[in-house]
Amino acid sequence: MKGLKINGGNKLFGSVRVTGAKNSVLPILAAAVLNSDNSIIYDCPHLSDVENAVQILEHLGLTAFWNDDMIYVNSKNISSNTIPDCLMRKMRSSVIFLGSLLSRTGSAVIGMPGGCEIGSRPIDLHIKAFKDLGVKFSENGNHLFCTLDKLKSSVINLEFASVGATENIMLLSAKSDAEVVILNAAREPEIIDLQNFLNGMGANISGAGTAIIKIHGVNTLSSTVHTLIPDRITAVTYACAAAACGGDISIENTKYNHISAVMDELMKLGAEVREFKNSIRVKSSERLSGSCVIQTAPYPDFPTDAQPIICSVLCTAEGRFCLIENVFENRFKYIDELVKMGADITYSGKTAIINGASKLCGNEVTAKDLRGGAALVIAGLSAEGETRISGYEYILRGYENLAGTLSQLGAEVEEIGIDA
Ligand code: EPZ
């Protein structure tokens with residue numbers, strides 16, 4: 001098993017570039033099923049989740065391959081309507097292929113996506129919306145069989161602004177004879193990126209980035225070329241690392257408006273964040289200090305994915321802090337590992353209380369999910385002594401070459417083998 005070894009205490013200096021967004025490329029690869037033609041997607045991050053998505057396309061009979069940071073897909077030939085269990089289990093967000101598969105073939109078979117480390121992550125909102133749109137479901141053991149004759153024009157009012165459900169409805173409706181409106185749609189930048197990709201194929205979708213998305217189905221979608229938006233959570237991760245360790249870094253290929261809710265909190269703590277056209281600069285010299293309550297919520301509010309990441313910054317800042325996790329029901333598991341490093345945090349239900357100014361000490365800790373793993377990396381960077389992180393495979397799902405990038409900034413980080 002691979003792990004990370006970190007010798008903490010170094011300040012971070014220099015410049016890093018953020019790749020295209022993991023949470024954009026996954027739905028966009030699903031969208032590439034729709035046009036029976038070529039799709040060329042640039043700035044794709046080399047991550048295990050993206051490899052899984054490419055494997056799903058190949059399993060469906062499509063042509064899909066990498067060329068440096070570009071992924072080429074030709075979806076002319078499709079020979080399956082089934083998402084293999086092994087890939088459903090590896091990547092919960094494989095459910096995002098359901099909409100495009102149904103649209104393309106009229107039927108789909110998926111294994112029920114298991115919950116994961118951060119919560120049960122049901123797909124009831126996807127299923128309810130799809131039923132309203134005319135999809136028929138039947139269950140057999142641990143598989144969901146779906147069929148679609150003709151999409152029904154509908155207004156779908158989402159109970160929760162679910163990112164995945166919003167994307168799946170867009171993918172199911174883009175190529176159809178129906179008019180579909182999504183109310184309480186997710187507003188994340190990745191939704192806008194998906195709309196732009198689909199419209200680049202010839203779809204007629206508007207409103208992404210707002211709570212109301214209108215999809216005027218079209219009969220034909222054609223080839224397209226697209227460059228992904230930057231990965232905003234990767235940018236947040238590097239910004240929080242600099243804030244926690246001290247130093248002065250520039251983060252290239254970053255849109256400040258995508259991460260302003262998190263940058264606002266870092267500036268309240270005393271970090272200096274400057275916005276440039278396609279980058280930000282984060283400086284932190286003195287010990288951070290303050291007190292705040294941070295509540296996670298759908299975009300544009302504070303992102304749930306940044307909750308574990310900023311927690312590692314709060315551990316070493318002067319003051320008392322409260323984190324309230326409103327999106328996922330089990331997203332504090334990383335805290336037990338931070339406590340092993342000397343953090344003073346208690347949590348119950350949706351709320352975590354952090355008594356800052358802890359001097360973190362290196363320890364052997366385990367990542368249990370992607371962003372919780374990122375939190376442990378940041379804690380290790382600012383801790384005294386050596387930290388060894390197992391469960392590195394979780395971190396590889398969302399960060400390309402994290403050890404190399406942090407080393408470029410002056411951190412002492414290396415990938416190691418860890419006994420299973
Ligand atoms: C996307 O997950 C992201 N993943 C997540 O990022 C992100 O944390 C999340 O959106 C929220 O921003 C990808 O885009 C691949 P949701 P998704 O549907 O679509 C509940 C990362 O670290 N819900 O908005 O699964 C759900 O259980 C990952 O990169 C239902 O109850 O998120 C959760 O509590 C982690 N029923 C809440 O809604 C449903 O049918 C938000 O889920 C669907 C969701």
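Reader: Hi! Are Arg397 and Asp49 buried or exposed?

Author: Both Arg397 and Asp49 are buried. Buried here is under 20% relative accessible area, exposed is over 50%, and partly exposed is in between, using a 1.4 Å probe and protein chains only. Bear in mind that this is a predicted model: local features need pLDDT of at least 70, side-chain atom pairs count only at pLDDT 80 or more, and totals for chains, interfaces and linings use all residues. Residues are numbered from 1 along each chain as its sequence is written, and side-chain values use heavy atoms, with hydrogens and water left out.

Reader: Thanks! What does Arg397 form with Asp49?

Author: A salt bridge, with the closest N and O atoms 2.9 Å apart. It ties together distant parts of the chain, 348 residues apart: Arg397 is in the loop between α13 (392-396) and α14 (402-408), and Asp49 is in helix α2 (residues 48-59). The rule for a salt bridge is a side-chain nitrogen of Lys or Arg within 4 Å of a carboxyl oxygen of Asp or Glu. Helices (H or I, at least four residues) and strands (E, at least two) are DSSP runs, numbered from the N terminus.

Reader: Which residues are linked with Asp49 and Arg397 in a network?

Author: Lys22 joins Asp49 and Arg397 in a network of salt bridges.

Reader: And how many salt bridges does the rule give?

Author: The count comes to 15. One of them pairs Arg232 with Glu190, at 2.8 Å between the closest N and O atoms. That pair also links distant parts of the chain, 42 residues apart, with Arg232 in helix α8 (residues 232-245) and Glu190 in helix α7 (residues 189-200).

Reader: What about Glu318 and Arg287, what do their side chains meet in?

Author: A salt bridge again, at 3.6 Å from N to O. Glu318 sits in the loop between α10 (307-316) and β19 (320-324), and Arg287 in the loop between β17 (279-284) and β18 (292-295), 31 residues apart. Glu318 is partly exposed at 39%, and Arg287 is partly exposed at 45%.

Reader: Switching to the ligand: which residues come nearest?

Author: Of the 23 residues around the ligand, the nearest are Asp124, Leu125, Ser162, Asp305 and Val327.

Reader: Nice. How far is a polar side-chain atom of Asp124 from a nitrogen atom of the ligand?

Author: 2.6 Å. For ligand oxygens, the distance to a side-chain N or O atom is 2.5 Å at Asp305 and 3.1 Å at Asn23. The protein covers 88% of the 820 Å² of accessible area that the ligand has on its own; such areas come from the Shrake-Rupley method with a 1.4 Å probe.

Reader: Which helices each supply at least two residues of the shell?

Author: α1 (22-31), α5 (124-132), α6 (163-173) and α12 (370-382).

Reader: Why is α6 largely enclosed by the rest of the structure?

Author: Because nine of its 11 residues are buried, including Glu167, Asn168 and Met170.

Reader: Last one: where is Tyr299?

Author: Tyr299 is in the loop between β18 and α10. Tyr299 is buried, at 17% relative accessible area, and its C-alpha atom is 32 Å from that of Gly3, 296 residues apart along the chain.

Key
A residue is near a molecule or strand if one of its heavy atoms lies within 4 Å of it. A polar contact is a pair of N or O atoms within 3.5 Å; within protein, one must be able to donate a hydrogen and the other to accept it, and residues adjacent in sequence count only if both atoms are side-chain atoms.
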